[in-house]
Amino acid sequence: METVSENKAFGGQQGVYRHKSAVTNCDMTFGLFLPEEAQDGPVPVLWYLSGLTCNHENAMTKAGAQSWCAEQGIAIVFPDTSPRGEGVADDAAYDLGQGAGFYVNATQAPWAPHFQMWDYVAEELPALLGENFAIDLNRQAITGHSMGGHGALTLAMNLPGRFRSVSAFAPICNPTGADWGRKQLSAYLGDDETNWAKHDASLLMREKGFDGPILVDTGTTDQFIDLLRPEALAAAVAEKRQEAILRLQPGYDHSYFFVSSFMEDHVTFHAEALYRD
């Protein structure tokens, strides 16, 4: 594993690291903030999954998460959104290919050789963190924005017992029912829609739910709200009678100004779950 950079921040350390991934068959880069408490032993970890067109750097530099994580003694990891590099399949559109992995394991050509983001986030990267950093893998939480909110919700519901809490900023809630989803799921997984269901938060909510607290924020003036379909998730939460806080924030859009405005709420929400006995 290569250290790209390490900078002192809020009493802790913000690092960027690169490694060869056996899962995605290419080099992968991630950011990791460790609070000061990590010098004394393993600390809880919050996963932040970014959205379309993003890499590890967007939330790391724009979300303002490190100060709040330092206050709570929590690490936060910023994975990339897709495999990248020479020989990795791509598409001219911004919402498919590099920067748009959708946190699935692709089964279709030309994506399958590299686009294995589910296994990367669920298996390979956690193991790497546990082996190399002072991270307590028994205390994990997960959040994300947009496509990353979709990934956070679907990972949390498909991996019971892994995450103590899950939150999302403007998540893609019902990708099987929207253009942000149907295009990508068919490209990566094929046309059999039964293979899409495990990657739809609204369908998963009805089927499984989540064994912990959920927090979701979406702006009322989000320019993509018709593609996000928050009403589908709200209906599923009500039907499942799931423990959840779903908030529509008046006047906020889809930007990182929105994310950073509510980051303190989300980190505090996760800290309560991560430190609960």
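Helix 3 and helix 4 (residues 147–158) pack at about 60°, and their axes lie 12 Å apart. Here an axis is a line fitted to C-alpha atoms over the stretch in contact, and the angle, from 0 to 180 degrees, is taken between N-to-C directions. Helix 3 is therefore oblique to helix 4. Oblique is what remains once angles under 35 degrees count as roughly parallel, over 145 as roughly antiparallel and 65 to 115 as roughly perpendicular. The model is predicted, with pLDDT of at least 70 needed for local features and 80 or more for side-chain atom pairs, while totals for chains, interfaces and linings use all residues. Residues are numbered from 1 along each chain, and side-chain values use heavy atoms, without hydrogens and water.

Helix 3 passes helix 4 in a right-handed crossing, meaning that the near helix is turned clockwise from the far one by less than a right angle. Helices here are DSSP runs (H or I, at least four residues), numbered from the N terminus. Trp118, Val121 and Ala122 of helix 3 meet Thr154, Leu155 and Asn158 of helix 4. Contact means heavy atoms within 4.5 Å. By class, this contact has 4 nonpolar, 2 polar and no charged residues. Ala, Val, Leu, Ile, Met, Phe, Trp, Tyr, Cys and Pro count as nonpolar, Asp, Glu, Lys and Arg as charged, and the others, Gly among them, as polar.

Now turn to His199. This residue sits in the loop between helix 5 (179–189) and helix 6 (201–207). His199 counts as buried because its relative accessibility is 4%; the cut-off for buried is under 20% relative accessible area (1.4 Å probe, protein chains only). Leaving out residues up to four places away in sequence, His199 touches Trp118 and Thr154, among others. Those two residues also take part in the contact of helix 3 with helix 4.

Helix 3 (residues 117–132) also holds Glu124. At 18% relative accessibility, Glu124 counts as buried. Its C-alpha atom is 7.2 Å from that of Val23, 101 residues apart along the chain. The side chain of Glu124 reaches the backbone nitrogen of Ala22 at 2.9 Å.

Another helix pair lies elsewhere in the chain. Helix 2 (residues 65–72) and helix 9 (residues 256–274) pack at about 30°, with axes 9 Å apart. That makes helix 2 roughly parallel to helix 9. The crossing is right-handed. Helix 2 contributes Ala65, Trp68, Cys69 and Gln72, and helix 9 contributes Met263, Glu264, Val267, Thr268 and Ala271. By class, 6 are nonpolar, 2 polar and 1 charged.

Conventions: Buried < 20%, exposed > 50% of the residue type's maximum accessible area, 1.4 Å probe, protein only. Polar contact = N/O pair within 3.5 Å; in protein donor to acceptor, adjacent residues only side chain to side chain.
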